[in-house]
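Here are a few friendly notes to read alongside the model. Take them one at a time, with the picture open next to you.

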Amino acid sequence: MWPIIHKLGSPKWFYTMSGRWLPFLWGIGALLITVGSLWGLAFAPPDYQQGDSFRIIYVHVPAAIVAQSCFAMMALCSLIFLVWRIKLADMAAGAAAPLGAAMTFGALFSGAIWGVPTWGTWWVWDARLTSMLLLLFIYLGIMALRGAFASRDGGARAAAILTLVGVINLPIIKYSVVWWNTLHQGATFSITEKPAMPMSMWLPLLIMVLGFYLLFAAVTVARTRNEIIRRQPSARWVRALAKGGRHGL
Amino acid sequence: MQLDTLKLGCERDERWLFSDLDWQIRSGELWRIEGPNGSGKTTLLRILSGQMADYTGTLLWQGEPLARCREAFMASMLYIGHRPGIKKALTALENLDWYQAMSAFEKRRGVRRDACFQALAEVGLAGFEETPVENLSAGQQRRVALARLALGHQRLWILDEPFTAIDRAGVRQLEGWMMAHCRAGGSVVVTSHHDSGELLPSSGVLKNLRFDGQGGVHVDC
Amino acid sequence: MVRGACTLTAERADTDRVLDALPGLWQGFSATLIRDCRLRFRRRSELANPLIFFALVVTLFPLGLAPDSTLLSGIAPGLLWVAALLAVLLSLDGLFRDDFDDGTLEQLLLAPQPAGVLVLAKIVAHWLTTGLPLALASPLLGIMLSLPGHSMGILMSTLLLGSATLSLVGAIGAALTVGLRRGGVLLSLLILPLYTPVLIFGAGTVRLAVEGAPLAPWLALMGAMLALSLLAAPWAAAAALKLSLDG
């Protein structure tokens, strides 16, 4: 009985429930990002060392945080998928991967732009930037592996195993890169050792981080819903949905 | 010996190959699995041999769930699939010796080796023991794989199209082994494109499991 | 033959009682290890390929940069390590592919022994025929790159420790891509990011040895990475092999 419930019951339940949450996720996420950007860009005081250029932090840090959380979420989904064979978990992991890669790229890109006024160059082999670059490669590897399998189930399980291997490796990569960095470069400017921020600076940052999380959740949920429909186009409830629109449920 | 399936089903990429299959395999039974290509015969054999975990329902070996007695099941089951499982760069003897080491309870290497010699002689490969398999003909290569049957450790044989690339005499011989194995209390599950006339139905041990190609499976006794 | 099968089956009824005493773990491990080593030695030309590749890549660098011994000795630790890592990576694609094609991989996973142990035997055979020769040959190439003599021992021992980790982690990638027709490039994409810690610690330790700094903690860290991958990688690779055979 359980497998049937897992396989067929869950996606439908998720589809119905998420249909109710989704507008709130979109709405609150957009609101937080609007408030956060306005506050951060227009009202927060300029940094005493970097002037206005520090304001890119309001994109850079949220993107980086969400990029890393996304990997943790994918790892959790992969574990659920491999242990309990809940396909919905795999759909969510698959939906989140390109978003995580995009967030990682966003963090790297904004970091490079930020590098020009602060370091005088687009790229330095800073420990954080380097480990983000490796994270991007891991994301791309997972997406490529999933796509390489002819069978969707095979690709899903391969991607799940690689995600779990990656999540064990990420802390090791991170610390080895930090060690490598200190060995090679000595003390350079580091984003980690900023002076403590006043509240007028970090409060908008917090709002932006929350906004990024909500938008990430909204896009992931929406993509997962699409995937559910794509995988079960012939299920009875999906057909009813196609006929009757939202009222079908 | 008993292997049971309870409500066995398998779904591949949102398509059900079969579902709700209740089936009992007992000592002395020879099961032939029939059905059109792509109907799920090989998949069923792979599930039955414990290679695929992606199914619904339960598999019971000696009344116990398969997951709980994997080692005992693997030790008493022999599977030969489409791919022969023979290393071409090794000699026939070395190939068989590896299988012996994996499955035999015998600890002494010399005794294991003698059994390999005997098995190769039984499939008509006496004198070819030390020849690399790549220098043998296709039929002889297939016989190296079938020599594993003659090693005789396992009670349940699961054979996926074992008659490919063997000559008529070899087919007769293989059929003879399967019948003998069943008479001695073992069981055989086999898929084959061969006409039913080839497998001796007169003996009364032959049973059929038929895939109709539309997701249905029928047990004919 | 028919009579032979009958007597064998009759004996089998007795063996049912001793089913608890399964075919030995060590018996399966050593048989698989010996079989794989034997197979590799049957194809001797392929055995030398990683070594030749290693030497060739190292030769390319002085040609591409400059025949300047101070420059070369400065980059030698990293260069030797990157070349060795690529040599291991190239040899990985064949780790499971032949077995997959001829069906012995399927039979390996059907053995009563736990799949992780047998996969470990295959990985050990791979290391014995790639990582070990690479490590043993590395001082020769170190001399050609004017690496100081006192760091040769460390170069070899980091390569010994590190290449074992590379074989173990690489086996996961090889297992994931074994069912794909063009798995080679994808394999590099999957595995290279995971190789970075080994590269960083391996090359860094050799660099520290050149400078004469204390090394024990870094060697210990490399040992720790080897221990972790020894624990986890064979099981992950076995799981990946199972799904590759399914798909």
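1. Let's begin where chain C meets chain A. The contact is made by 24 residues from chain C and 26 residues from chain A. Please keep in mind as you read that this is a predicted model.

2. How much area do chain C and chain A bury between them? The value is about 2200 Å², and 87% of it lies on carbon and sulfur atoms.

3. Which elements of chain C give two or more residues to the side that touches chain A? They are helix 9 (152-177), helix 10 (184-211) and helix 11 (216-246) of chain C. Helix 10 of chain C gives the most to this side, with twelve residues. Sorted by class, the side of chain C that touches chain A has 19 nonpolar, three polar and two charged residues.

4. Between chain C and chain A the count of salt bridges is zero. The rule also finds zero residue pairs in polar contact across this interface, with both residues required to be at pLDDT 80 or more.

5. Now turn to chain B and chain C. Here 50 residues of chain B are in contact with 42 residues of chain C. Together, chain B and chain C bury about 4100 Å², with 56% of it on carbon and sulfur atoms.

6. How many salt bridges are there between chain B and chain C? The count is six.

7. Next, trace the side of chain B that touches chain C. At least two residues each come from helix 2 (70-75), strand 6 (77-80), helix 3 (92-103), helix 4 (109-122), helix 5 (138-151) and helix 6 (168-183) of chain B. Helix 3 of chain B has the largest share, seven residues. By class, the side of chain B that touches chain C divides into 23 nonpolar, twelve polar and 15 charged residues.

8. Chain C and chain A have zero salt bridges between them, while chain B and chain C have six.

Technical notes
Residues are numbered from 1 along each chain as its sequence is written. Chains are lettered from A and ligands numbered from 1 in the order in which they are written. This is a predicted model: local features need pLDDT of at least 70, side-chain atom pairs count only at pLDDT 80 or more; totals for chains, interfaces and linings use all residues. Side-chain values use heavy atoms; hydrogens and water are left out. Contact means heavy atoms within 4.5 Å. Buried area is the accessible area (1.4 Å probe) that two parts lose on being put together, summed over both. A salt bridge is a side-chain nitrogen of Lys or Arg within 4 Å of a carboxyl oxygen of Asp or Glu. A polar contact is a pair of N or O atoms within 3.5 Å; within protein, one must be able to donate a hydrogen and the other to accept it, and residues adjacent in sequence count only if both atoms are side-chain atoms. Helices (H or I, at least four residues) and strands (E, at least two) are DSSP runs, numbered from the N terminus. Ala, Val, Leu, Ile, Met, Phe, Trp, Tyr, Cys and Pro count as nonpolar, Asp, Glu, Lys and Arg as charged, and the others, Gly among them, as polar.
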